[in-house]
Amino acid sequence: MRKVISYIAMSLDGFIAKPDGDISFLSIAEKKGEDYGYSDFKRTIDTVIIGRKTYDKVISMGYEYPDNDNDVYIITRNAKPDNKKLRYYSGSLKHLVSELKSKQGKNIFCDGGSEIINELLRYNLIDEFIISIIPIILGDGISLFKNGRPELKLKLINSGAFDTGLVQLHYARLDN
């Protein structure tokens, strides 16, 4: 069965962005030739779920999206016409994930942001987390995990430390 996997980076104190959405702090862990397993991860997916604000941020930084042949669902409150592999989705995330998981295919990548991740957590729909901890304490910002979601027990699959100071944790959800 297809899994929903969140692959994301955050500061040591749990923020995925500064209060204004700035994610430039991620660059302190950049190293030529090191992608922290992202290329290998991308080979395991064929579908991406991403929030509109996160999508807009990626585009504003000059990146093309999607960067391969994945189906991309941009979660938005205001529906727009689809564009090639980009689908603007304003319905129930629970319904979307259920529909995607019922189809044949590779895993589903939740590319953020925190609103989307926390909505998926609310319904226990994320199967695995790959979280890269950037060696910085921001003090304030957009939290990866919000209050008010159900408790979720996890099992450590793998962990790794890199010479840039980045630590990567890979967890799977324990079914309750």
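**Entry 1**

I looked up Lys18 and found it partly exposed, with a relative accessible area of 30%. (On this scale buried means under 20% relative accessible area, exposed means over 50%, and partly exposed lies in between, with a 1.4 Å probe and protein chains only.) Asp22 is partly exposed too, at 22%. The two side chains meet in a salt bridge, 3.8 Å from N to O. (I count a salt bridge when a side-chain nitrogen of Lys or Arg is within 4 Å of a carboxyl oxygen of Asp or Glu.)

A note on what I am reading: this is a predicted model, where local features need pLDDT of at least 70, side-chain atom pairs count only at pLDDT 80 or more, and totals for chains, interfaces and linings use all residues. Residues are numbered from 1 along each chain as its sequence is written, and side-chain values use heavy atoms, with hydrogens and water left out.

How many salt bridges does the structure hold? I noted 14.

One of them joins the side chains of Glu115 and Arg77, at 3.2 Å from N to O. Glu115 sits in helix α4 (residues 114-122) and Arg77 in the loop between β4 (71-75) and β5 (86-89), so this pair ties together parts 38 residues apart in sequence. (Helices, H or I with at least four residues, and strands, E with at least two, are DSSP runs numbered from the N terminus.) Arg77 is exposed at 71%, while Glu115 is partly exposed at 39%.

I then checked Arg173, which forms a salt bridge with Asp175; their closest N and O atoms are 3.2 Å apart. Is Arg173 buried or exposed? Arg173 counts as buried, at 18% relative accessibility, whereas Asp175 counts as exposed at 64%. Through shared partners, salt bridges join Lys101, Asp127, Arg173 and Asp175 into one network.

**Entry 1: the sheet**

Next I traced an open sheet of 8 strands, in the order β5-β4-β3-β6-β1-β7-β10-β9, with mixed pairing. (Two strands pair if DSSP finds at least two bridges between them.) At the edges stand β5 and β9 (154-161), each with a single partner strand, so one side of each has no neighbour in the sheet. On average, neighbouring strands are turned by 20° against each other, direction ignored. (Axes are lines fitted to C-alpha atoms, for helices over the stretch in contact; angles run from 0 to 180 degrees between N-to-C directions.)

Within the sheet, β7 (residues 128-134) and β10 (residues 167-173) pair in the antiparallel sense over 6 bridges. Ile130 stands opposite His170 in β10.
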